[in-house]
Amino acid sequence: MNLYAVLLCGGKGERFWPKSRSNLPKQFVTLFGGKSLLEMTSERIKELCPVSRQLFVAHQRFAKLLIRELKAKQKNLILEPARKDTAPAIGLSAVILSRRDPEAIMVVLPADHIITPKRKFLSAVKVAAVLAQKGYLVTFGVVPTRADTGYGYIQYGEEVYRQGKICGYRVLEFKEKPDLKTAEQYLKSGNYLWNSGMFVWRVDMILEAFHRYMPQFYQSLLSFSQTLGSQREKMAIKRLYQKAPAISIDYGVMEKAENVCVVRAPFIWDDVGGWLALARHFPQDQNGNVVKGLWFGKNTKDCICYADQGVLATLGITGLVIVRSGDAVMVAEKNALSQLKDLLTEIAQDRQGRKFL
């Protein structure tokens, strides 16, 4: 099998502000150990897809950062002129990869997940690759551990393939992010999985899916493909993205396709969406605090305290997230972090023109 990894590096990482900024999104930031999330993703898959068979899809402003961080070659970079969600990124990658290797199988991985253990992850990818070879569009579903309203869900049906303890199932339906009551029903039913946003498919099958379910965009992809390797390519990709819809691969293709199956993940998965994820990956002290950096506190409970420079000191507080990074400090109640995006919109409109994002 000709396996290639396509790493999607396009997230803004706003929910890790102020550690992540517009010029250094969360996938490039070192938060969970000595490596960035992107480096961890690249290393996780390299046993099956060495760096020479990894493609990095990112906004063009991050080209130098990718080359510096990962020692990536220019030919392995797929640079977007604008952010248009995952469907255009995947379509562009598929066209480029199909020119290089028409028999390629794409392993599509967001660059900001934490997955352990690696061995079980690689075993699941191998099962997914077998299913992809058979013509399926494959996704990975994670067994829910809680009634979470922040994830999409996948309802699955009959088993279509098994290798040891790892199984692939026919997908019955994709479900949007539910309210709490519905999420509790999904959890109780036992035949719903979290949608991980990771995929495996043959490059010809995903292009056929674009042809069927996003025909206008597919025609744009065909026109772009005629310019590959020519002096017209850079201008053509700009035209492609001017016309491309801003839509996810789930909405654009997966929810409509019939040849979709899901591999039930045997690994532990976390998309580390924001600061609360630190409590899932770092130990807590006797008062339930998670601390990274230099911190002193009294009568402080159930807090997340992060400082990449200087010192944090707290007195008599409970249930807060306190972050000091660069020229910014954020203090928030844990249950208010869902409003962080709104706060950043206000900061971006600073009337004095100061840049904190």
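In the predicted model, P18 is located in the loop that runs between strand 1 (2–8) and helix 1 (37–45). The peptide bond joining W17 and P18 is cis, with omega of about 10°. A cis peptide bond also joins T116 and P117, where omega is about -15°. P117 lies in the loop between strand 5 (114–116) and helix 4 (118–133).

Positive phi values occur at two residues described here, D85 and N299. For D85, which is not a glycine, phi is about 75°. D85 belongs to the loop between strand 3 and helix 3 and is partly exposed, because its relative accessible area is 44%, between the limits of 20% and 50%. N299, likewise a residue other than glycine, has phi near 50°. This residue is part of strand 13 and counts as exposed, with a relative accessibility of 66%.

The second largest pocket holds about 550 Å³ of space. Its lining consists of 19 residues, and those nearest the pocket centre are Q74, L77, L79, I96 and E233. Strand 3 (77–80), helix 3 (86–100) and helix 8 (233–243) each contribute two or more residues to this lining. The largest share, four residues, is from helix 8. By class, eight of the lining residues are nonpolar, five are polar and six are charged.

A nonpolar surface patch is formed by L294, F296 and V311, which together have about 290 Å² of accessible area. L294 is partly exposed, at a relative accessible area of 45%.

Technical notes
Residues are numbered from 1 along each chain as its sequence is written. This is a predicted model: local features need pLDDT of at least 70, side-chain atom pairs count only at pLDDT 80 or more; totals for chains, interfaces and linings use all residues. Side-chain values use heavy atoms; hydrogens and water are left out. On a 1 Å grid over the protein atoms alone, a cavity is a set of points where a 1.4 Å probe fits but cannot get out, and a pocket is an open set with protein on both sides within 12 Å along at least five of seven lines; lining residues have an atom within 4 Å of a point. Grid points are joined across faces, edges and corners, and a volume is the space filled by probe spheres set on the points. Ala, Val, Leu, Ile, Met, Phe, Trp, Tyr, Cys and Pro count as nonpolar, Asp, Glu, Lys and Arg as charged, and the others, Gly among them, as polar. Patches are made of residues with over 30% relative accessible area and no salt bridge: like charges are joined within 9 Å, nonpolar side chains (Val, Leu, Ile, Met, Phe, Trp, Tyr) within 5 Å. Accessible areas come from the Shrake-Rupley method with a 1.4 Å probe; for residues, only the protein chains shown count as cover. A salt bridge is a side-chain nitrogen of Lys or Arg within 4 Å of a carboxyl oxygen of Asp or Glu. Buried means under 20% relative accessible area, exposed over 50%, partly exposed in between (1.4 Å probe, protein chains only).
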